[in-house]
Amino acid sequence: MIQRAALKMIFLAFMVGLVACNAPPVPLDDIVVEKTFTPERCERAVQTGDFVRYHYNGMFPDGKKFDSSYDRGTTYNVFVGRGQLIAGMDKALLGMCVNQRSLVKIPPQLAYGKNGYGDIIPPDSILHFDVLLLDIWNSDDKVQIQTYHKPETCGRTVQVSDYVRYHYNGTLLDGTLFDSSHTRMRTYDTYVGIGWLIAGMDQGLLGMCVGEKRIITMPPSLGYGEHGDGSDIPAQASLVFDVVLLDLHNPKDEIAVEVQFLPESCSRKSKEGDFMRYHYNGTLLDGTFFDSSYSRNRTYDTYIGKGYVIAGMDQGLLGVCVGERRKITIPPHLAYGEEGTGTKIPGSAVLVFDVHIIDFHNPSDTVQITSEKPEHCNYTTKRGDFIKYHYNASLLDGTYIDSSHKYGKTYDVVLGAGQVIPGMEEGLLEMCVGEKRVLVVPPHLGYGERGVDGEVPGSAVLVFNIELFGVEEGLPEGYMFVWNDDVSPDLFKEMDRNKDSQVDATEFSDYILYQVSEGKGRLAPGFDPHRIIENMYNNQDRNKDGKITEDEFKLKADEAAAAHDEL
């Protein structure tokens, strides 16, 4: 198996000294190759000048072994066709495929001839070799790339200095596994093209799309070379990496925003300091899901532009409209960085958020009023008025909340009495009967951070479509009853029907109700008249003995300090 000129050197292929045996009785004119195993696929066959790695058992025709690469625990590595082997083996290896196994019979004239080889190979010996080919490469080989899956869309490919995350299986050319990121259950994360990887991988990853799958095959010169890695990768080994690219970014990247839906009307865009409610689905760049507000059945609510969310989201939520849908792609240095979250988001992961803007407001917002007034308006509402109106209520994104129409009657309130939310109170002032308004009410003038359980979400902006149907003018502030005519100078005596110099609750109530029925006095509209009269009576009953005397009885005008419900 070596040149005859090198017979005095240590025999590289056969280190085991065995007792010689007799030559076979039938000589051979040429080598005989019997294929004992042929692989299904043969992408490459040995040619002159190729470098090969193979295992063998060397035997005499009677089966007696004289040498074995298996016994030495290392393959035989050699160039083919350069005279580094005995002529018969140089010839027998040509055309072999990786993983092919052949029984090679070599006559003496193509082996060690009449001289044999020391005490190991007798003169004129026919030699048998059971050969298993494990590797082929050539000095001219470059990285070979076979893409077997490519995603439908590929917005960007790997370039020099990009940072990538990928999974791989690493095998020798014969399929022997030497490493796998899958078994470690974490991606391999690195920069590309700046020498952090072996040269073949640096080249093989260039031009890949996220989601692409490649077979990258490289010769030893672009892998671990003449020495291997010292453990699982032998010297002079071709390497095969089955790679799937999961993530790709560059340290210079900013966020990428893709507007997927924009509403026809957008009266205002979000700005720094706004409070926003939005839904989102969060995935890694390869589509792996990590979080969703939809799964929790509630929006994500936060201030934007103030550092309450990751920097990339802070940027991506600026300048949006209510109802807009965006895809926001965020590089790791604007997301969770090299560490990730420790659970669902790996270190150095690019994040993709599909965002739907539900509403936003600013803490300085007031009620926005859009009005459609009737042609004639003789009176506008003020605090204390009793009004009747219809309304439809929704969230800012149009989600229905409530409507007075479903009750089949108007909604009736006293303005200024705290019977509606502050934003509605404000929006109902200075209205004309027949006027229609659209009110946009920020949450601090609506139902606040808590909302209404099961009806109004926390921190929700509300929209009311209202129409005013009736107004009953209220009383001056602080009054629950007023006289339409001059007050009788004998008011106490008129109330005291039984002339016992004191007025009981029945006398008091009957008298007030009679004055109202006669049009001489008026109770505050929108309240229970009996409750008003009861409060008025209690205010006059100074000593709380259940009766009013003439000394206790006073008009409101006579008491500057009085506040409510007096005469």
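Student: What handedness does the link of Cys-266 and Cys-321 have about the S-S bond?

Tutor: A disulfide covalently joins the sulfur atoms of two cysteines. In this predicted model, the link of Cys-266 and Cys-321 is left-handed, with -100 degrees about the S-S bond. This pair links distant parts of the chain, 55 residues apart. Cys-266 lies in the loop between strand 13 (256-261) and strand 14 (275-284). Cys-321 lies in the loop between helix 6 (311-316) and strand 17 (325-330). The sulfur atoms of Cys-266 and Cys-321 are 2.1 Å apart.

Student: Are Cys-266 and Cys-321 buried or partly exposed?

Tutor: Cys-266 is partly exposed, at 31% relative accessible area. Cys-321 is buried, at 2% relative accessibility. The cut-off for buried is under 20%.

Student: How many disulfides does the count come to?

Tutor: Four disulfides. With the bonded cysteines numbered in sequence order, the pairing is 1-2, 3-4, 5-6, 7-8. Cys-42 and Cys-97 form one of the disulfides, with sulfur atoms 1.8 Å apart. The link of Cys-42 and Cys-97 is left-handed, at -90 degrees about the S-S bond. These two cysteines connect distant parts of the chain, 55 residues apart. Cys-42 sits in the loop between strand 1 (32-37) and strand 2 (51-59). Cys-97 sits in the loop between helix 2 (87-93) and strand 5 (101-106). Cys-42 is partly exposed at 38% relative accessible area, whereas Cys-97 is buried at 7%.

Student: How does the disulfide of Cys-377 and Cys-432 read?

Tutor: The sulfur atoms of Cys-377 and Cys-432 are 1.8 Å apart. The S-S torsion is about -95 degrees, so this disulfide is left-handed. Cys-377 lies in the loop between strand 19 (368-372) and strand 20 (386-395), and Cys-432 in the loop between helix 7 (422-427) and strand 23 (436-441), so the pair ties together parts 55 residues apart in sequence. Cys-377 is partly exposed, with 34% relative accessible area. Cys-432 is buried, at 3% relative accessibility.

Student: On to the rings. How many aromatic pairs does a search of the whole structure find?

Tutor: Two values describe a pair of aromatic rings: the distance of the centres and the angle of the planes. The search finds 30 aromatic pairs. Phe-79 and Trp-137 form an edge-to-face pair, at 6.0 Å centre to centre and 70 degrees between the planes. Phe-79 belongs to strand 4 (residues 76-79) and Trp-137 to strand 6 (residues 127-137). The two are 58 residues apart, so the pair links distant parts of the chain. Phe-79 counts as buried at 14% relative accessibility, and Trp-137 counts as buried at 9%.

Student: Which arrangement do the rings of Tyr-191 and Trp-196 have?

Tutor: Their planes stand at 80 degrees, so the pair is edge-to-face. The ring centres of Tyr-191 and Trp-196 are 5.0 Å apart. Over 60 degrees is the cut-off for edge-to-face. Tyr-191 counts as partly exposed, at 23% relative accessibility. Trp-196 counts as exposed, at 53%.

Student: Which residues do ring pairs link into a cluster?

Tutor: Tyr-54, Tyr-56, Phe-60, Phe-66, Tyr-76 and Phe-129.

Student: Where does Arg-82 lie, and where does the charged end of Lys-306 sit?

Tutor: Each is placed over a ring. Arg-82 lies over the face of Phe-79, 4.0 Å from the ring centre. The charged end of Lys-306 sits over the ring of Tyr-303, 5.2 Å from its centre.

Student: Which residues do salt bridges with shared partners join into one network?

Tutor: Arg-268, Lys-271, Asp-274 and Asp-365. Asp-274 is buried at 0% relative accessible area, whereas Lys-271 counts as partly exposed at 40% relative accessibility.

Student: Last, the domains. What bounds does the domain assignment give?

Tutor: The assignment gives domain 1 (32-137), domain 2 (144-249), domain 3 (256-360), domain 4 (368-472) and domain 5 (481-561). The centres of domain 4 and domain 5, taken over C-alpha atoms, are 35 Å apart.

Terms used: Residues numbered from 1 in each chain as written. Predicted model: local features only at pLDDT ≥ 70, side-chain atom pairs only at ≥ 80, totals over all residues. Heavy atoms only, no water. Phe/Tyr/Trp six-rings, centres within 6.5 Å; stacked < 30°, edge-to-face > 60°. Helix = DSSP H or I, 4+ residues; strand = E, 2+ residues; numbered from the N terminus. Buried < 20%, exposed > 50% of the residue type's maximum accessible area, 1.4 Å probe, protein only. Lys NZ or Arg CZ within 6 Å of the ring centre and 35° of its normal. Domains from an automatic or database assignment. Salt bridge = Lys/Arg side-chain N within 4 Å of Asp/Glu carboxyl O. Disulfide = S-S within 2.5 Å.
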